[in-house]
Amino acid sequence: MPEAARPALRFTFEGEAVEGREGDSVAAALLALGHAATRDTAVSGAPRGPYCMMGVCFDCLVTIDGVGNRQACLVPLRAGMDVRRQRGKREAGA
């Protein structure tokens, strides 16, 4: 498979060391690892995850390297990233 030819990139998700593939978005890497939920809603705490995969729906918000409100579907995966689920409401300017 062509996927196997792409170099693996190590990063962390929720503090756990994981691997994705070069050329993947953060959302694609998380989905490939079986992590469907990337955030919890502010009102009910319901899990949300990548839906449109093109930056329209904002359901895939994550915190990357301490910066919140990042759309996982639009951010290219890089080695060493610290990715965390975004919990609760978004912070203005975060």
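1. Which loop holds G80? G80 sits in the loop between β6 and β7. Helices (H or I, at least four residues) and strands (E, at least two) are DSSP runs, numbered from the N terminus. G80 is exposed, at a relative accessible area of 61%. Here buried means under 20% relative accessible area, exposed over 50%, and partly exposed in between (1.4 Å probe, protein chains only).

2. Basis of the note. This is a predicted model: local features need pLDDT of at least 70, side-chain atom pairs count only at pLDDT 80 or more, and totals for chains, interfaces and linings use all residues. Residues are numbered from 1 along each chain as its sequence is written, and side-chain values use heavy atoms, with hydrogens and water left out.

3. Confidence. pLDDT is the predictor's confidence in each residue, from 0 to 100. The protein chain averages 91, and 90% of the residues score at least 70. Among the elements of the chain, helix α1 (residues 2–5) has the lowest mean pLDDT, 70. Helix α2 (residues 26–32) has the highest, 98.

4. Surroundings of G80. Contact means heavy atoms within 4.5 Å. Not counting residues up to four places away in sequence, G80 touches R10, F11 and D65. G80 and V18 lie 62 residues apart in sequence; their C-alpha atoms are 10.0 Å apart.

5. Strand β1 (8–13). The covered face of β1 carries L9, F11 and F13. A8, R10 and T12 form the uncovered face. Two strands pair if DSSP finds at least two bridges between them. β1 runs antiparallel to β2, with six bridges joining them. L9 stands opposite G20 in β2. β1 also pairs with β7 (residues 82–87), in the parallel sense, over two bridges. There, V83 of β7 is the bridge partner of F13.

6. Nonpolar core. A nonpolar core is a set of buried Ala, Val, Leu, Ile, Met, Phe, Trp, Tyr and Cys residues joined through side-chain atoms within 4.5 Å. The largest one has 17 residues. F11, V26, I64, L77, M81 and V83 have the most contacts inside it. β1, α2 and β5 each supply at least two residues of this core. The largest share, four residues, comes from α2. In soluble globular proteins, nonpolar side chains tend to be buried together.

7. V83 in detail. Neighbours within four places in sequence are left aside here. V83 is in contact with F11, T12, F13, E14, V26, L30, V62, T63 and I64.

8. Positive phi values. Most residues other than glycine have a negative phi. E14 has a positive phi, near 55°. E14 is in the β1–β2 hairpin, which has two residues between the strands. At 32% relative accessibility, E14 is partly exposed. D65 also has a positive phi, about 50°, although it is not a glycine. D65 is in the loop between β5 (61–64) and β6 (67–71). Its relative accessible area is 39%, so D65 counts as partly exposed.

9. G49. G49 lies in the loop between β4 (47–48) and β5. Not counting residues up to four places away in sequence, G49 touches A36, A37, T38, D59 and C60. The C-alpha atoms of G49 and H35 are separated by 8.5 Å, with the two residues 14 apart along the chain.
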